[in-house]
Amino acid sequence: MTKSFLQRDPIQRDRDMVRESRLVERTLIALVFVILALFFFAPMLVVFVEAGRKGLLAYFTAIADPETKSAIKMTLMVATLAVPINALFGLAAAWAIARFEFPLKNLLVTLIDLPFSVSPVVVGLSFVVLFGSRGYFAPLLVQYNLQIIFAWPGLVLATTFVTFPFVARELIPLMQQQGVEDEEAALTLGACPLKMFLTVTLPNIKWGLIYGILLCNARAMGEFGAVAVVSGRIRGMTTTLPLQVEVLYGGFDLSGAFAIASILAGLALVTLIIKTVLEWRHAADLAASQRH
């Protein structure tokens, strides 16, 4: 009769457990790679293959189109304005939440997560209601000759809203884990608050800050829902790269749509490469920070 698992020899039992654990490990790793191949590598490969299907001439012709150039400039401008705003907000929010106790602190943390739970389309509609030609602030905007909706300020405003949790959410747990001992020591030794922040706090959180900025930038360049509502999709003026892809695809210009989509995919890959290179070049610093 076959012995039960508990009745086996202890050495043999340990060997069986190791063998089973390795089997489970290899199965899970294979499953992860299969899922990545189906839902990440295959779509990315299709984008680049379709972008170059008609040759390099058609590819560069689509990218050189004036409307596409305008979309690239608008995307870069929106990201250039939204990302620093979110970096400053994330630093301030993380500092306040990790270092101080105040009423409604939990409410602030919940509000920071709000863009994760609200549809970007709803966000765009809310800005239209507030700043549109018939919105609540329309008389004030007309008085000062300002236009937010269907102009670049609306794109920046919508993009900032949907991306502002990324930096804060990276820094809050990191700063809470690190504590305040180093900062208190710097203040005790005579450092002013600004010098303490620049020489102690910022070096300790720089990797979390960089990672949050990379995620924020990737989302800012790829945002579609909120931007589509507030932009009005005015071709050559308020379209970003994701909107330009939708415009070309709706006009049955598949070659141009995939060419621009390849730019967005390339930006995503560049973001991942930068993150990987930084982690590789500064692995010792990252390990020291984790031990700390």
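Predicted model: local features only at pLDDT ≥ 70, side-chain atom pairs only at ≥ 80, totals over all residues.

Student: Okay, which helix is T159 found in?

Tutor: T159 sits in helix α8, which covers residues 152–163.

Student: And is T159 buried or exposed?

Tutor: T159 has a relative accessible area of 1%. Buried means under 20%, so T159 is buried.

Student: Let me zoom out. How many helices and strands does the protein chain have?

Tutor: The count comes to 15 helices and zero strands. The protein chain has 292 residues, and 34% of them count as buried.

Student: What about contacts between residues that are at least 6 apart in sequence, how many of those join residues at least 24 apart?

Tutor: That share is 72% in the protein chain.

Student: Now the core. Which residues touch the most other members of the largest nonpolar core?

Tutor: Those are I112, L171, I172 and I205, out of 21 residues in that core.

Student: Can you pick one? What is I205 in contact with, leaving aside its neighbours within four places in sequence?

Tutor: I205 contacts L91, L171, L174, M175 and Q178. There's also a second, separate core of 17 residues, and I149, L155, A158 and L243 are among its members.

Student: α9 came up there. Which of its residues are buried?

Tutor: The buried ones in α9 are P165, F166, V167, A168, L171, I172, L174, M175 and Q178.

Student: Why do residues three or four places apart in a helix point the same way?

Tutor: An α-helix has 3.6 residues a turn, so residues with that spacing end up facing the same way.

Student: And how many residues does α9 have?

Tutor: It's 14 residues in α9, reaching 20 Å from the first C-alpha to the last, close to the 20 Å expected at 1.5 Å a residue. Just after α9 comes G179, with a positive phi of about 75 degrees.

Student: Switching to charges: how many salt bridges are there?

Tutor: The structure holds seven salt bridges. One of them joins the side chains of R99 and E183, at 2.8 Å from N to O. R99 is in helix α3 (residues 66–99) and E183 in helix α10 (residues 181–188), so this pair links distant parts of the chain, 84 residues apart.

Student: Are R99 and E183 buried or exposed?

Tutor: R99 is buried at a relative accessible area of 16%, and E183 is buried too, at 7% relative accessibility.

Student: What does R169 pair with?

Tutor: R169 meets D113 in a salt bridge, 2.8 Å from N to O. R169 lies in helix α9 and D113 in the loop between α4 and α5, so the pair ties together parts 56 residues apart in sequence. R169 is partly exposed, with a relative accessible area of 31%, and D113 counts as partly exposed at 24%.

Student: And which residue forms a salt bridge with R219?

Tutor: That's E223, with the closest N and O atoms 2.9 Å apart. R219 is partly exposed at 27% relative accessibility, whereas E223 is buried at 4%.

Student: How far apart are the C-alpha atoms of E223 and L241?

Tutor: They're separated by 9.2 Å, with the two residues 18 apart along the chain. L241 is in helix α13 (residues 241–250) and is buried, at 2% relative accessibility. Beyond neighbours within four places in sequence, L241 contacts A71, I72, T75, I260, I263 and L264.

Student: Where is W280?

Tutor: W280 is in helix α14, and it's exposed, with a relative accessible area of 67%.

Definitions and conventions
Residues numbered from 1 in each chain as written. Heavy atoms only, no water. Salt bridge = Lys/Arg side-chain N within 4 Å of Asp/Glu carboxyl O. Helix = DSSP H or I, 4+ residues; strand = E, 2+ residues; numbered from the N terminus. Buried < 20%, exposed > 50% of the residue type's maximum accessible area, 1.4 Å probe, protein only. Expected span 1.5 Å × (residues − 1). Contact = heavy atoms within 4.5 Å. Core = buried A, V, L, I, M, F, W, Y, C linked by side-chain atoms within 4.5 Å.
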